[in-house]
Amino acid sequence: VAAEQLNESAAAARESFAGLLPQVSGTGDSGNRDTGPNSYTRTPAIKRTGTSYGVTARQLLWDFGSTFRDLDAARSREQALKARLEARQSEYVLRAAAAHLDLLRARRQAALADENVSSREQIVSLVQERETAGGGSLADVIRARARSTEAQALAASIQTRLRAAEANYRE
């Protein structure tokens with residue numbers, strides 16, 4: 001659509017420029033003419049055949065700058081449409097790059113969240129072993145489990161963001 005508008009704007013600029021060029025037009029006419037007799041003037045019937053041709057050439061000398069202003073306006077509209085088209089293209093490229101970087105960041109965060117969950121689960125098992133051996137309390141085990149659960153919840157949230165980033169990237 002934008003490319004079509006740009007073509008229309010370029011055509012309008014060419015049309016405005018045409019006002020500065022000489023204009024030539026031609027005409028041609030031929031035919032028969034019959035006149036009946038006139039009893040009042042006592043003229044007989046007349047048959048006439050005729051052909052006429054004409055050529056007209058015009059050149060604008062001065063219109064107080066109106067044609068030049070029209071031409072400048074048409075060229076400015078064309079440049080504005082080009083700039084809008086380039087801006088749209090740049091916007092698409094920027095959105096694609098941002099979606100790609102967002103996807104990469106989300107994947108890395110998901111990997112780190114999974115590592116964090118594994119690390120928290122290892123800590124829970126170490127704290128449980130320590131509590132079983134008598135070197136720790138049940139409160140330490142409960143705190144370690146709470147932190148492990150917190151890490152799992154954060155990992156689930158990051159997985160949701162990863163799916164959203166993948167969907168945005170596919171778009």
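The largest pocket is lined by Tyr 92, Arg 95, Ala 96, Ala 99, Asn 168, Tyr 169 and Glu 171. A pocket here is an open set of points on a 1 Å grid over the protein atoms alone, reached by a 1.4 Å probe and with protein on both sides within 12 Å along at least five of seven lines; lining residues have an atom within 4 Å of a point. The volume comes to about 170 Å³, counted as the space filled by probe spheres set on the points. This is a predicted model, in which local features need pLDDT of at least 70 and side-chain atom pairs pLDDT 80 or more, while totals for chains, interfaces and linings use all residues. Residues are numbered from 1 along each chain, and side-chain values use heavy atoms, leaving out hydrogens and water.

Helices α2 and α3 each give at least two residues to that lining, with α2 supplying the largest share, four residues. Helices are DSSP runs (H or I, at least four residues), numbered from the N terminus. By class, the lining splits into four nonpolar, one polar and two charged residues.

As for how the helices sit together, α2 (residues 66-133) and α3 (residues 138-170) pack at about 165°, with axes 8 Å apart. That makes the pair roughly antiparallel (angles over 145 degrees, on a scale from 0 to 180 degrees between N-to-C directions). Their crossing is left-handed, and the contact holds 17 nonpolar, eight polar and 11 charged residues.

Helix α1 (residues 2-18) also packs on α2, the axes coming within 8 Å and crossing at roughly 165°. So α1 runs roughly antiparallel to α2, again in a left-handed crossing (the near helix turned anticlockwise from the far one by less than a right angle). On the α1 side, the residues in contact (heavy atoms within 4.5 Å) include Leu 6, Ala 13 and Phe 17, and they meet α2 residues including Leu 71, Leu 81 and Leu 85. This contact has 10 nonpolar, four polar and six charged residues.

Note on methods
Angles under 35 degrees count as roughly parallel, over 145 as roughly antiparallel, 65 to 115 as roughly perpendicular and the rest as oblique. Ala, Val, Leu, Ile, Met, Phe, Trp, Tyr, Cys and Pro count as nonpolar, Asp, Glu, Lys and Arg as charged, and the others, Gly among them, as polar.
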